[in-house]
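Here is a short report on selected local features. It starts with a helix pair and then turns to a sheet, a loop residue and one further helix.

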Amino acid sequence: MDGISIIKEHQRSIIDKIRKITRGDWKVLVLDETTKKLIDVSVNEDDILNHNIANIERIEEKREMNPTMDAIYFLSPQPHIIDCLLSDFERRRYKSGFLVWTTPLPEKLGRRLDVARRQIAGSHSLPVEFYPRESHLITFRDPHSFLVLYNPACNDLIGQYLQTLAQKIVSVCVTLGELPKVRYYAPQHVGHEARVLCMHLARFVQTQLDDYQRQDPNFPPQTSRPQSVLLITDRSMDLMAPLLHEFTYQAMAHDLLPIKDQPDGKVTFHMTINEGAANAEEKDMEITDNDSVWVDNRHRHMKDTIEKLMDDFQKFLKQNPNFAGKNADSTSLNDIRDMMVGLPQFTEMKQAYSLHLTMAQEAMNIFQKYKISEIASIEQILATGLDEDLKKPKNVLDQVVRLLDDPDVAPADRLRLIATYALYRDGMIEQDLLRLLWHASLQRSRESTDKAVIENMDLLGARPIKVELKEVRQPTPQLFPTNTKNAVQSEEYALSRFEPAVKHMLEDLISGTLDQTTFPYVIPPQGPAEESLQTQASLRAAAPRWASANRRQVENRQRILVFVAGGATYSEARACYEISEKHNRDVYLTTSHMISPGKYLEDLRLLSADRRRLNLPMDQPPPKAPAHIFERPAPPAAPKPPPQQQQAPPGMGMGMGGQLPPGGPRPPTKALGAMTLNSGSSSLGGQPGADRPGTGSSDKDKKKDKEKKKRNIFGLKK
């Protein structure tokens, strides 16, 4: 899609800061573990080296001394990193240091640097502490967020954790150059403890935005764009979305396939390259935004994705008839995968199509094997409250029980189905829940925590359990009631009728109908004109359409930032892209981490667990500086006393009686006679051209030293 990519904006912020500091002079860039990951997500190493960076080094690692060159320290403000930094200053490893922090340096840590202020050439903050995952999708790589926010054992962590989240959200706003109007989700008909999370987080964000604006009078930069909007929500706003099967390519692949988020942030799928050939090999294939096949298809329905992959490959074969062979008219994914083996000349294209054809085929195999079509049919009824004809459904429980009894349905899918049914029913008595779990062959032992998955949804505002059968409950109003009048019925996409709450929220925001009670402003608008987004949309629609205005139209599109605390789903990411395309906006989804249905179930299971079982990063011992920074070079050894001079044999000395003259050995008369007035051309007792001690090296040594310095500038090993 068009629009400004957050990956490019993240890269631009980092490169611009480096360029402003180097100003044409060569410098060393020093990173820590955190900032190395931040840079790697958007910036190529060559891009950095092309801006007068001689070398890139890690502050935690052993490094050579470089006292003739300045260093740019791009660091995260942590105590052990300050230890490493002070060690560099104490040893005068570099000539001076320019400090760049990912977040404002806390006063306590700043005071520790006072002892080295003469070596600090400057100190700045560069708020880029987030990880762009796609052009309009940002995460904080914080998979523990859900547990910190909703497990009652973590209540004492909430205050500081929300401040940290706010800091990162502000970093996204600053990188995009936006000072948005802040709104937040305020649930009206629930009483769970976490219902005020969004309110507190929104206020922290507003305070930090105001503080940043006071510190930087040039923020936000002038623009003709309408003012942006930041919507702060959390996982409790939509409990259905993470449970349902989604059939767009990206969401379905992350649900059904063993796609892994690696520690370095890469997203990989393990597969066999050139399967069936002599050069077959197993490999972790990376899935990135640089893969055009992935970007073009990830939000398509799986049915359309398969058709597109096959059509594109058939076009390629027509353009390259030498590779078509007897299978030119193949219509199955397996046939096309076999043909890929015979295309060694097109390695990059072959690997991309091989990856996605394999993923699509494996996902469809699982879809058919585990009867996901039948599961999804009842899921859509439970999530929307309507059947395929948009009418009130009948015999829902019978359909649920039939699937729970089916041995072909996977245990995880049975648990998802029970959770979805509990939300649909707005609760059931404990005995009914146990019966459903028994039908599903779940909760068969005391150690099982399957029942806890359902019960723990009450910590997010659901009401899964009733105390007694006759308990009277007021029905909870739908956050976004289903509009059956404008609903389009389609047999092809009957299993995709449900849309996540994020999509409805954005539609209402853009139409100007988003409820201000459920989604209040932190600072209310001054009047109707400030709030109206429809007017802004009509003004943009009147913009010129000729080619020279295309870039301006993209830059002038209003930006909407959505933050989902506790993790977002791929269906929500897809919805944000669709709204961007439909309404000519740039919608950026930001979240702590992306969640799959499997991850969601595991996190629900742990909401009632003891905190010691959670392995939270904040409960681990703080990282320490490596031991080598505290090592000091050994003092130089004391010089050995000169050996005592032995008396010369008789007759060997000068002077009377063969004795040495008073005061020492005989004078170097021969060498004195050889001296000339050409300074430095000879020396006492030496050869012509030798250097005097302490006056420098020979021409050969000087040349060698010059080459050594030159190699150091370009980061070469000595």
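## Helix crossing

H16 and H24 cross in the left-handed sense (the near helix is turned anticlockwise from the far one by less than a right angle). The contact (heavy atoms within 4.5 Å) involves Ala-412, Leu-415 and Arg-416 of H16 and Pro-597, Leu-601 and Arg-605 of H24. These residues divide into four nonpolar, no polar and two charged. The axes, lines fitted to C-alpha atoms over the stretch in contact, come within 11 Å and cross at roughly 65°. The two helices are therefore roughly perpendicular (65 to 115 degrees).

This is a predicted model, in which local features need pLDDT of at least 70 and side-chain atom pairs pLDDT 80 or more, while totals for chains, interfaces and linings use all residues. Residues are numbered from 1 along each chain, and side-chain values use heavy atoms, without hydrogens and water.

## Sheet

Three strands form an open antiparallel sheet in the order S10-S11-S12. Strands are DSSP runs of at least two residues, helices of at least four. Pairing takes at least two DSSP bridges; S10 and S11 have two. Asp-261 bridges to Val-267 of S11.

| S10 | 260-261 |
| S11 | 267-273 |
| S12 | 281-286 |

S10 and S12 are edge strands with a single partner each, so one side of each lacks a neighbour in the sheet.

## Loop and helix

His-628 lies in the loop between H24 and H25. His-628 is buried (under 20% relative accessible area), at 18%. His-628 touches Glu-60, Glu-61, Lys-62 and Arg-91. In H19, the buried residues include Met-505 and Leu-509.

Technical notes
Buried means under 20% relative accessible area, exposed over 50%, partly exposed in between (1.4 Å probe, protein chains only). Axes are lines fitted to C-alpha atoms, for helices over the stretch in contact, and angles run from 0 to 180 degrees between N-to-C directions. Angles under 35 degrees count as roughly parallel, over 145 as roughly antiparallel, 65 to 115 as roughly perpendicular and the rest as oblique. Ala, Val, Leu, Ile, Met, Phe, Trp, Tyr, Cys and Pro count as nonpolar, Asp, Glu, Lys and Arg as charged, and the others, Gly among them, as polar. Lists of a residue's contacts leave out its neighbours within four places in sequence.
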